[in-house]
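This report takes up a sheet, an interface and a single side chain. Please keep the sequence and the coordinates at hand while reading.

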2 protein chains.
Amino acid sequence: MGQDKHPCYHIDSDMHQLHLTSPTQNPGASGYLYNPSTMLQVNCRGYASAVVMQPEPSRYSTSPVQEATTFWQPEKQYFAHHPGRFFYIKDETSKEFFSLPYEPVRQQGVSFKFTVGVDRIEWQIEHMQLKCHLQVTLDSELAVEVWQLNIENLSDQERQLSVYPAFSIGYHSWMNQSAKFDPELGAVLATSVPPYQQLGEYQKINALATNCFMLSDRQPQSWTANLSAFEGEGGLHNPDGINASQLGGEAANYETPIAVVQHQVALKPKQQYQLPVLFGLAKDKAQVKDIKQFYFADEQSLERQVSVNCQAARLKDLPIQIDTGEPMFDEFVSVWLPKQVDYHRQLQRLTTDPQTRNFLQDLIGISFLNQKRARAGILKAISQQAGNGALPDGILLNDDAELKYINQVPHQDINVWLPICLQAYLDEHNDYEFLTENVAFVDNDEQATVAQHLILAMDYLIGNLDQRKLALIGQGDWCDPMNMVGYKGKGISTWLSLATSWALQVSARILGDIDSQKAEHFGAVADEINDAVNQHCWDGQWYSRGITDDGKAFGVSSDAEGKIYLNPQSWSWLAGAAGEQQFKDSQAAIESYLATPFGNMILAPAYTQMREDIGRLTQKFPGCAENGSVYNHASIFHIFALYQKNQVDAAFSGLKQMLVSEHDAQTRQQLGNFIPNYYRGLVETLESYNGCSSQLLHTGTVAWFYRCIIEELFGLKGHKDGLLVQPKLPTGWENVSVLRRFRGATIRVDYQQRVGNKPNQLILDGKTLSSNLIKDLQPDNEYHLHINLYLAD
Amino acid sequence: MGQDKHPCYHIDSDMHQLHLTSPTQNPGASGYLYNPSTMLQVNCRGYASAVVMQPEPSRYSTSPVQEATTFWQPEKQYFAHHPGRFFYIKDETSKEFFSLPYEPVRQQGVSFKFTVGVDRIEWQIEHMQLKCHLQVTLDSELAVEVWQLNIENLSDQERQLSVYPAFSIGYHSWMNQSAKFDPELGAVLATSVPPYQQLGEYQKINALATNCFMLSDRQPQSWTANLSAFEGEGGLHNPDGINASQLGGEAANYETPIAVVQHQVALKPKQQYQLPVLFGLAKDKAQVKDIKQFYFADEQSLERQVSVNCQAARLKDLPIQIDTGEPMFDEFVSVWLPKQVDYHRQLQRLTTDPQTRNFLQDLIGISFLNQKRARAGILKAISQQAGNGALPDGILLNDDAELKYINQVPHQDINVWLPICLQAYLDEHNDYEFLTENVAFVDNDEQATVAQHLILAMDYLIGNLDQRKLALIGQGDWCDPMNMVGYKGKGISTWLSLATSWALQVSARILGDIDSQKAEHFGAVADEINDAVNQHCWDGQWYSRGITDDGKAFGVSSDAEGKIYLNPQSWSWLAGAAGEQQFKDSQAAIESYLATPFGNMILAPAYTQMREDIGRLTQKFPGCAENGSVYNHASIFHIFALYQKNQVDAAFSGLKQMLVSEHDAQTRQQLGNFIPNYYRGLVETLESYNGCSSQLLHTGTVAWFYRCIIEELFGLKGHKDGLLVQPKLPTGWENVSVLRRFRGATIRVDYQQRVGNKPNQLILDGKTLSSNLIKDLQPDNEYHLHINLYLAD
């Protein structure tokens, strides 16, 4: 919402930073930091959401109400008492105060800059002749936020200031919660007993870290740990505690805690004042002490440790870095995209039972970053396969993990993702030996090779076909909430039929050398499925989304809502079901019905009422999530499929539409540091919402985006025999270059694209190659590849 | 906390109203209204908590964050975005505004009066030369709050005002939530789809009412339904929406809703303006329409219906009304106590599986108010007894109800409560035929009489005794969180042993005529238990609380924490285990260790760390709930036991200590309209918290309080042969009178108490009686009983 009147957002590619100069025009704009245990998302106004895996997701800073245990929700709404990290700055002479970064005082007309970096989040605020710089980094391992405040006195007068870090702790337990200042630690320390009632839970809650602390390297002048006492009648925006000369020293005794301390400082003209604040979660007081010691042992400790934190947050040896002359695009692909892929790798979407579908697709991205982790991930998934071939709905990451939420609902598409993930892994790493590795089943100890597991998975999918060779949808497929199409046992999914077909074809390619008979069989079944889909699911201009239990096709032209879905079209191209005319028709239909300035919608028009023969999907808010948003995961399938059809310009335009630009950040209500799982779709009555970000950065999109970039756009794809070079540059590009790391080798690639009818040309370290398959690349070697591409006149 | 410097609370006995003249000195002070479906608690500042049973508890107005599903918690903490009902009042000439009742603007130095009545909650606020009267009643059946605002222009000038009702709706669903103004209904209407994922839940969520509406009898000038848009950068205390000339007409589209409308009005000097607002929950638009029609059909409809609501909230034909010359006490017993008892009757503590222990004790209170309901309740409990005699931990109120929360933990005391409840019922109603009624079991269809069910229940308790004849505690007794004393199968509970003894004795009395052999047997076992308790559980000055699995007595003088518990002492007197010296010693110990100005603590000193041989109780916050609060349910057991020991002054003083007075309301942080489940206990380091109310009005206390008043204090107790008169007036009383309704008869009783050694005298309608058992009282007749009591010199 809002228009691009006065852009206050810009990208600094040199510094890999994103800058926002208004706290009000893009209030949801946020940065995020993570380490192997912790995710911290902070918005430009100072509100923060933090999750620590121990190993189930837990929170040390919450709102003042008992919050539901739920998964990370899209379109988070902020409100005054949303957890945040604030610094009140008070001039003790005038008694005026303001707050950093913006909340809770919300001073207006102040010079403001919010900067999102890969390794830190920063603010620069100038107000009351004070120049303030605030930054946060995250400890490389622990749930410890490292805040550093610098204040410079810009005036000609000595200033008497009070500086009050004020960090939310929030409601933690109806059994026992309290907080107070611990003089020995020099910390506000909040403790709680996680609420429980059953005896068996005691050991579990006992194992949890529950000590939330805030400390600095020095003793404060005063403190309070009691939210209500701090606010008084003034409220969070004008707290009695700040208006008083000293904080009241109130503990929270079975009351809502907050951590606030007062540091008094006299600042000469131009003098600077530094205040570091550590905030986080610890097992006990001893650990708080250790952490304090670690960061403040000597004068250099803090900077040294912050530098370690920043190093840990910067990824090394990336599979691709690009220079295309489009800074926003280069920046996203080289910096932010791998970060988001790596975030998925490290924190598994903040759950201990990631959906198998997500887990396997995330591994496609992880595969580019870390072979070992990808291999282990695939093995973990396979080891949870049942003897009948079925992969579970969720992958249990540890022995105590349980299937929760959506994973308690059976979905029929799970097995599809195994060959798709496997192929990406095999292509990148050429680890075909992996297929011969032995793994047992979740329900029997019999060992079978990875290849055999794959065959069983495919046989299971074949077993899910009805007499027509269409895939039964049961209680859902990739689209979780499409839960009432086939729950009576008859309804089929066009998309799942096509996905089954493609999965069989991919499996056939993987298995070609190992079990040619099976491979042939899978290919034959895929053909039958394609035929069946064309016979039963082609609606004239596009493919339907499925056929309900009652035999009614949906996602068809006669539907008033949910007339056309994106996925069946894209996957008909992947599966090779669509003939050329069908491809053209269906792509034209996508352009007519699904296109928005921010990408294609997953379906349109969005449902506005429940369809009991489709299900929960139709109850979701119109234009959000699966109900007609620009659902980026579906968009990226479409883009990947466009590349398979050599639609290089349409595909590239799709990639760019997915990214936040300097000009549409305000409309999207997000910065260009991640791809959200969706943007709001175009709903007739809600036009102003089109493009609004979900703010949720858990999405299978990024793995596929990376794959599209590496394998398709720049055409640098792994192959059994080496590196297969098949660039699909947009026609507008002339000179671009990339750095590709591949199987240990480093290849600098320059592309030159010209109009002309000459054959393309590959020159490796000065030698013209006769093929586009580069063999014999040696690990640890560096290469220079020059590619001349020619566009037909 | 805080002292009685300047009492701002007073009780108006004539009007049955409680008045509070400050919004800041007792900020948690609240009133409550209820009907058979809905509970509404509103505090003096305008924050509100409402629950609708459909039939599981649900909320139509919440905070802006996804709240946990939990039971009603004690010591609720308020914060800016806690759900509330506010009216902003703006002078359109000066553009100044304030808000009723106090939040969110929090104008200071304003004339303020909060009035809690039985049938309505009111405020009078004078500010900016406007005299505002606000009141709320609750529809007699539906979840519809009826707010009525009256504003009088006190100035000599015509005033241009805008009046904005602003009611919280809050976060309802991540699937679908929205709100907007519906011009046809003239209502802000918010709808949502309750979040769910499993197919089987669809029917359930479909049955729920999810339309939250706010409407008036007239069309507003402008509206907004979007919290964030309403607040803008100003915040809830200074909303952009109010500062603008008109509200922005923003819907909430998958955003947090609020209901705000603007009514513009010109008021001549002394002119008054009335604005009614209905706020509540409806199944659909048609029901909203019906409700509007119902309240605003003609000019009299509103007042007529409000009068119906008030009538429904006033109880009729109460079992006792008293006049003792102590207005606060009279007022509480005659007005507020029966209301709280009836609230328990109607809403069953806002759950569909009340703990059996609570359910049966609540029936003691209900028994005085409504025989039919009490009888049906006991039958319902008995019908859920297992064939082996065990009553379940919770009573399922409907077929879909499930055992939740604490009812998933087994407790060994459940059966104790059956005879105790039964006796109270039989005493009041003389319905001994009830004992011959046939009821089946939950696990077999065999019919057994109520008496046989009782016998089985007692045999089950006997089966729970160990070789010493002490009762095994398993995972807990009356004290739920005492869950690790006996989970290994050996630990015993002193209290439960004594409770078993008393339950057997009570059963023996009930069964005397029916099964004298069993009665005798139960009496004999009770004696054995008493002996065993005296042998193993007497610690020298008081009874221990139990013996752990490892054979360690606890609640004993050698314990540093949890040295003494209240319940074992009181129940040793009830069970007759304590000899006279033991009674004196243990009462002296109570006075030494447990007494506070607000009643006796349940144990002391409170635990400050986990004891793994006692359990979860020791993890609760010190001084709260079971961990050393003045837990009123335990206090009332003690008072009841004191009455059995004829300690009339100590008992009466206990009753009075439990009630909020004009002088300690600020310390208790509550008004005198209910008994909370606890006041904070006296913890050495937390002295200022002693007496603070839990604000939670779900408690077994009130049933026993009623019983103490009727049967003990005024000694008007039912008996097989009539009304047994055994008054236990405190020695300070001289002339008191009560109105007792008993088995259909109405008896006006005057008590005269004098010092002297004459025998007591009962005069019924002028005739002196020879016994204190009044026989032959006829239903529908009125009697006058004069009682002369003499205190020994």
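In what order do the 5 strands of the open sheet in chain A run? The order is β8-β7-β13-β19-β17, and the pairing is antiparallel. At the edges are β8 (97-100) and β17 (222-226) of chain A, each of which pairs on one side only. On average, neighbouring strands of this sheet are turned by 20° against each other, direction ignored.

Within the sheet, strand β7 (residues 85-91) of chain A pairs with strand β13 (residues 159-168) of chain A in the antiparallel sense, over 7 bridges. One residue pair can be named here: A:F86 has A:A166 in β13(A) as its bridge partner.

The model is predicted, and its confidence values are as follows. The average pLDDT of chain A is 96, and 99% of the residues score at least 70. Over residues 1-5 of chain A, however, the pLDDT is below 50; this stretch has 10 contacts in the model beyond near neighbours in sequence. Where pLDDT is low, the predicted coordinates should not be read in detail. For the complex, the predictor gives an ipTM of 0.95 and a pTM of 0.96.

The next topic is the interface. Chain A places 66 residues in contact with 66 residues of chain B. Between chain A and chain B, about 5,500 Å² is buried, and carbon and sulfur atoms give 54% of that area. A:Q197, A:L199 and A:E233 together supply 14% of the area that chain A buries against chain B, more than any other three residues.

The last topic is a glutamine, A:Q753, which lies in strand β37 (residues 745-755) of chain A. Is A:Q753 buried or exposed? A:Q753 counts as buried because its relative accessibility is 6%, under the 20% cut-off. Its side chain reaches two backbone oxygens, listed below.

| Side chain | Backbone oxygen | Distance |
|---|---|---|
| A:Q753 | A:P730 | 2.8 Å |
| A:Q753 | A:W733 | 2.9 Å |

Which residues does A:Q753 touch, not counting those up to four places away in sequence? They are A:L729, A:P730, A:T731, A:W733, A:E734, A:L789 and A:L791.

Technical notes:
Residues are numbered from 1 along each chain as its sequence is written. Chains are lettered from A and ligands numbered from 1 in the order in which they are written. This is a predicted model: local features need pLDDT of at least 70, side-chain atom pairs count only at pLDDT 80 or more; totals for chains, interfaces and linings use all residues. Side-chain values use heavy atoms; hydrogens and water are left out. Helices (H or I, at least four residues) and strands (E, at least two) are DSSP runs, numbered from the N terminus. Buried means under 20% relative accessible area, exposed over 50%, partly exposed in between (1.4 Å probe, protein chains only). A polar contact is a pair of N or O atoms within 3.5 Å; within protein, one must be able to donate a hydrogen and the other to accept it, and residues adjacent in sequence count only if both atoms are side-chain atoms. Contact means heavy atoms within 4.5 Å. pLDDT is the predictor's confidence in each residue, from 0 to 100. Two strands pair if DSSP finds at least two bridges between them. Axes are lines fitted to C-alpha atoms, for helices over the stretch in contact, and angles run from 0 to 180 degrees between N-to-C directions. Buried area is the accessible area (1.4 Å probe) that two parts lose on being put together, summed over both.
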